[in-house]
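These are my notebook entries on one protein model. I set down what I looked up and what I found, entry by entry.

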Amino acid sequence: MLLLDEPLSGLDVGAASAVRRVLRDVLGAAGRTTVLVTHDLLDVFALADRVLVLESGRVAEVGRTADVLAAPRSRFGAQIAGFNLVAGVLDDAGVLHTGWGETWRGKPGDGVEPGRPAVAVSAPQAVAVYRERPGPGSPRNVVQVTLAGLEVRGSTVSVRGVEQPDGAPGLAADITADAAAELRLAPGETVWFGVKAQEVTLRATHPGAA
C-alpha cells in the first residue's frame, strides 16, 4: 500500500497539474492500493476511486467519488462539492428542524427517519436572494442571513452568509451580476435566502458522524 500525504501541497498550479497527471498514470498502471490525503477537490476528481471524509476526527461519509460529490452528507463534503448543507433532526412530517429554530422542507433521500439526525442539501444556484422577507407564493424554505462576502465569477456573483450557529459554513447563493447590482448587496447586511422545497434533498447523516 502506498500512502501519499498532501503530495501536491506547496506546488504552483502548473507543477501540481503535471505531477497530478504523472500520479494518475503511475497509480493506474501499478494497480497498487493507494491512500491519498488531500484537501484539494482536483485531486479527488483526478485520482480517487473512493472517498472517505474525516470531520472532527470521525468518518462523516464514505463511498464512490461520484456518489459522495453528487450527494454529500457532511459539512466538508458539501463544501468541497459546492453545496449548501444545513444539519438538524427530522420530525414525523419529514420537516428538518435545526438547533437554532429554522425549518427546512425538501425531497426525502434514502435512509431518512423521523427523530434521526439529517441534513438538508441544496445547490447555491437554486437559492434566491431577497431584501425583504418574501410573502405568499414564495419558496417554502426562507431563512434570514447576514452576508459575509461576495465574490464575482464572470457573470455570476457568489453571495455567502456568515457561519451557521453550529459552526457549519455559511449558506451561499449564486445570482446574476444584474441581480446583485439591483439588490446593492454588501457584507454585514441582512437579507433573506429562499429555496424551493423541490430543490432541497433531505439525507440521513452517516452513522459515524458527530
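The entries below go from the overall layout to strands, cores, salt bridges and a pocket.

**Entry 1. Overall layout**

I note at the outset that this is a predicted model. I counted the secondary structure and found 5 helices and 15 strands. I then looked up the extent of the C-alpha trace, which spans about 60 × 40 × 25 Å along its principal axes. Of the 210 residues in the protein, 35% are buried. I also looked at contacts with a separation of 6 or more, and 60% of these join residues 24 or more positions apart.

**Entry 2. The open sheet**

In what order do the strands of the open sheet stand? I read the order as β7-β6-β5-β9-β15-β8, which makes 6 strands with mixed pairing. The edges are held by β7 (103-104) and β8 (107-108). Each of these has a single partner strand, so one side of each is left without a neighbour in the sheet. For β7, I looked up the pairing with β6 (residues 96-97), which is antiparallel over 2 bridges. Within this pairing, H97 has T103 of β7 as its bridge partner.

Strands of a sheet pair through backbone hydrogen bonds, either parallel or antiparallel.

I turned next to β3 (50-55) and β4 (residues 58-64), which pair in the antiparallel sense over 6 bridges. V53 stands opposite E61 in β4. The hairpin has 2 residues between its strands, and S56 takes a positive phi near 55° there.

**Entry 3. The strand β14**

Is β14 enclosed or open to the outside? I found that 5 of its 6 residues are buried, so β14 is largely enclosed by the rest of the structure. I then looked up its partners. With β10 (residues 128-130), β14 pairs in the antiparallel sense over 3 bridges, and V129 has F193 of β14 as its bridge partner. With β11, β14 also runs antiparallel, and 6 bridges join the two. T146 stands opposite T190 in β14.

**Entry 4. The nonpolar cores**

Which residues have the most contacts inside the largest nonpolar core? They are W104, V129, V159, I175, L185 and F193, in a core of 24 residues. Several elements give two or more residues to this core, including β5 (84-90), β11 (141-153), α5 (177-183) and β14 (190-195). Apart from this core lies another of 7 residues, among them V44, V51, V53 and V68.

I followed V159 in detail, leaving aside its neighbours within four places in sequence. V159 is in contact with L147, G149, L150, L171, A172, A173, I175, L185 and F193. I recall the general rule here: in soluble globular proteins, nonpolar side chains tend to be buried together.

**Entry 5. Salt bridges**

How many salt bridges does a search of the whole structure find? The search gives 6. One of them joins R20 to D43, with the closest N and O atoms 2.8 Å apart. R20 lies in α1 (residues 13-30) and D43 in α2 (residues 41-47), so the pair ties together parts that are 23 residues apart in sequence. Both R20 and D43 are buried.

I looked up two further salt bridges and the accessibility of their residues. R64 and D67 meet through their side chains at 3.0 Å, N to O. R64 counts as partly exposed because its relative accessibility is 47%, and D67 counts as partly exposed at 42%. The side chains of E151 and R153 meet at 3.4 Å, N to O. E151 is partly exposed at 43% relative accessibility, and R153 is partly exposed at 47%. Salt bridges that share partners also join R20, D40 and D43 into one network.

**Entry 6. The largest pocket**

My last search was for open space. About 800 Å³ of it lies in the largest pocket. This pocket is lined by 26 residues, and those closest to its centre are L36, A48, R50, V51 and L52. The elements that give two or more residues to the lining are α1, β2 (34-37), α2, β3 and α4 (75-81). Which element gives the largest share of the lining? I found that β3 does, with 5 residues.

Note on methods: Residues are numbered from 1 along each chain as its sequence is written. This is a predicted model: local features need pLDDT of at least 70, side-chain atom pairs count only at pLDDT 80 or more; totals for chains, interfaces and linings use all residues. Side-chain values use heavy atoms; hydrogens and water are left out. A nonpolar core is a set of buried Ala, Val, Leu, Ile, Met, Phe, Trp, Tyr and Cys residues joined through side-chain atoms within 4.5 Å. Buried means under 20% relative accessible area, exposed over 50%, partly exposed in between (1.4 Å probe, protein chains only). Helices (H or I, at least four residues) and strands (E, at least two) are DSSP runs, numbered from the N terminus. Contact means heavy atoms within 4.5 Å. Two strands pair if DSSP finds at least two bridges between them. A salt bridge is a side-chain nitrogen of Lys or Arg within 4 Å of a carboxyl oxygen of Asp or Glu. On a 1 Å grid over the protein atoms alone, a cavity is a set of points where a 1.4 Å probe fits but cannot get out, and a pocket is an open set with protein on both sides within 12 Å along at least five of seven lines; lining residues have an atom within 4 Å of a point. Grid points are joined across faces, edges and corners, and a volume is the space filled by probe spheres set on the points.
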